[in-house]
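Hello,

Here is the structure I promised to hand over. Please look through it first; my notes follow below.

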Amino acid sequence: MGDLDGRIREMAEKKHIFTPVSEKEVTRAIVDAFARQFIEYVESDCLIIGGGPSGLMAGRDIASKGVKTLIVERNHYIGGGFWIGGYLMNKVTVREPGQKILEELGIPYEKAVKGLYVADGPHACSKLIAAACDAGVKFANMTIFDDVVLREGNRVCGAVVNWTPVNALPREITCVDPIALESKFVVDSTGHDACVVKKLEERGILKTIGFGAMWVEQSEDLVVEHTGEAHPGLIVTGMAVATTYGLPRMGPTFGAMLLSGRKGAQVILEKMKKK
Amino acid sequence: MSDFIQPIPEAIDLYEEGDLNSLDITQLGEYLQEKTYIPFRIRGNVYKRFSKKRIEKTSRELAGIRVRDHGKRLVSGPPFQAEVDYEKRRISDPGWKIFGILYEGILYQKIISDLVIKGGLDLKHCIIFFTNQLFGTWNWDNGRYHARVSLYGFPSLISITGLVEAPAKPKDFYLKKQMGRPVAWLKEEYQGRFLDHGDLRTTEVLKGYAMQALFFHLTGDPFCEDRDCRLFNSHWQEEVLHSQLNGRHDFCPRHDSILNQLRGRDR
């Protein structure tokens, strides 16, 4: 500690703690790093729309196999609803066997009752984000999904995106055209909104059913069971699955989001192997 | 005058689908036989005898009768392939545990009827089908679907999941759930006041529902207004537990006399 205090004093006496760098260099560094990554990820193997728990889990599992993966998130923060459990309380619950994924990610948890586990929301969410980053997932946050890119046979091959703030302003002020990202597979992890699936519906290609109002204990199982390819090139995970297939609502538990993300990743990896 | 509108069946046929671990179907059959002197036959999984092609057809039919919006009467449309695949996996696995989709009950009954009844109405057998899946019927009064424990007809359908999900739990349970209290905690708090999945009381309770199915077959009326009779049409879990487990008698004097009549018949 003494040495550190001494060094800080010494640097302060020199009038600088940090190395002097001009504003233009800071700007160049940001633009350069962003542009290099963006150019590289204009084409990816897997493009995930929505950075909530199922999208993050899918991204983590896919990227850990060396697959080039980009997650598009409309907010500046990643993690969706995983920061907070029910009723604005920041404890998240998972049912057996969801806690195995918590263990795998090094997220501490405790048993609430038989088969139900509770973890700290911020800890769980930040660990999951870190796991996705460590696996090699890249992010385009503050980026909103606008449309799908379709190829022969209406196969989904990418997404049209824009800056989130552009989308939030009136069109008269912001005539900013979106841009397109291409990918071998697109994942709809946009939660109840099911934005990508809904866009296909708008085009008359697919028909969604909307999530049911009934609550039953097994809706988590049903979400995992129905996770998969809803349309050529489009994999649906998480609560978007419930919207697509009209499955019952579920309570504020996250096990299905994690397992659905994992299943979505498995489906994509198997399809890639076959190709 | 006889209470019976149909000939007394030669046998009670018990079919099933899915994981029915909490139901001891042999014990239930023995109860029916003891009460009616009509022999029972355990026919096993309803799908087991069918070809792959028929399973494919049935899967597509089942995928087409899912109730997606409980506030709208079902308009059947072409299902997603993922839904057909799900149904195929479900009905091909006799121990399938997952439930939660609400099926249109009348159409579900028709699909099962096509599987178990060949060549027109079979009144020689009282067919009861037990399932772990959930079905509901449209209520014209309030314009929405309601989950059901049973749907009586030819065949009669009884859902062990419906037994848990359909009769209402105590009002406070729902209020607390709406406030965000985890269901697992609520189950501990209200333990014993409603039937839960895998409940040890399931077989005993379902004996009464199977008797309702048999009464429907014989008399056209499965229910009784006496809440102490096992034929009482319960809408609350507390009523189910009372009429099936804690009633003053198994059957009210009127229904007991019909059973006596049945047992005393020439055989």
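How many helices and strands does chain B have? Chain B has 10 helices and eight strands. Both are DSSP runs numbered from the N terminus: helices are H or I with at least four residues, strands E with at least two.

A word on the source. This is a predicted model: local features need pLDDT of at least 70, side-chain atom pairs count only at pLDDT 80 or more, and totals for chains, interfaces and linings use all residues. Residues are numbered from 1 along each chain as its sequence is written, while chains are lettered from A and ligands numbered from 1 in the order in which they are written.

Overall form: the C-alpha atoms of chain B fill a box of roughly 55 × 50 × 35 Å along the principal axes. Of its 267 residues, 40% count as buried (20 or more other C-beta atoms within 10 Å of the residue's own, with C-beta atoms placed from the backbone).

Now the sheet. Three strands of chain B form an open sheet in the order 3-5-6, with mixed pairing (two strands pair if DSSP finds at least two bridges between them). Strand 3 (102–104) and strand 6 (144–148) of chain B are the edge strands, each pairing on one side only.

Strand 3 and strand 5 (residues 134–139) of chain B run parallel, joined by three bridges. In strand 5 of chain B, Gly136(B) is the bridge partner of Glu104(B). Helix 4 (residues 105–116) of chain B packs on the sheet and touches strand 3, strand 5 and strand 6 of chain B (contact: C-beta atoms, placed from the backbone, within 7 Å).

Best wishes

Key
Contact = placed C-beta atoms within 7 Å. Axes fitted to C-alpha atoms, helices over the stretch in contact; angles between N-to-C directions. Buried ≥ 20, exposed ≤ 12 C-beta atoms within 10 Å, placed from the backbone.
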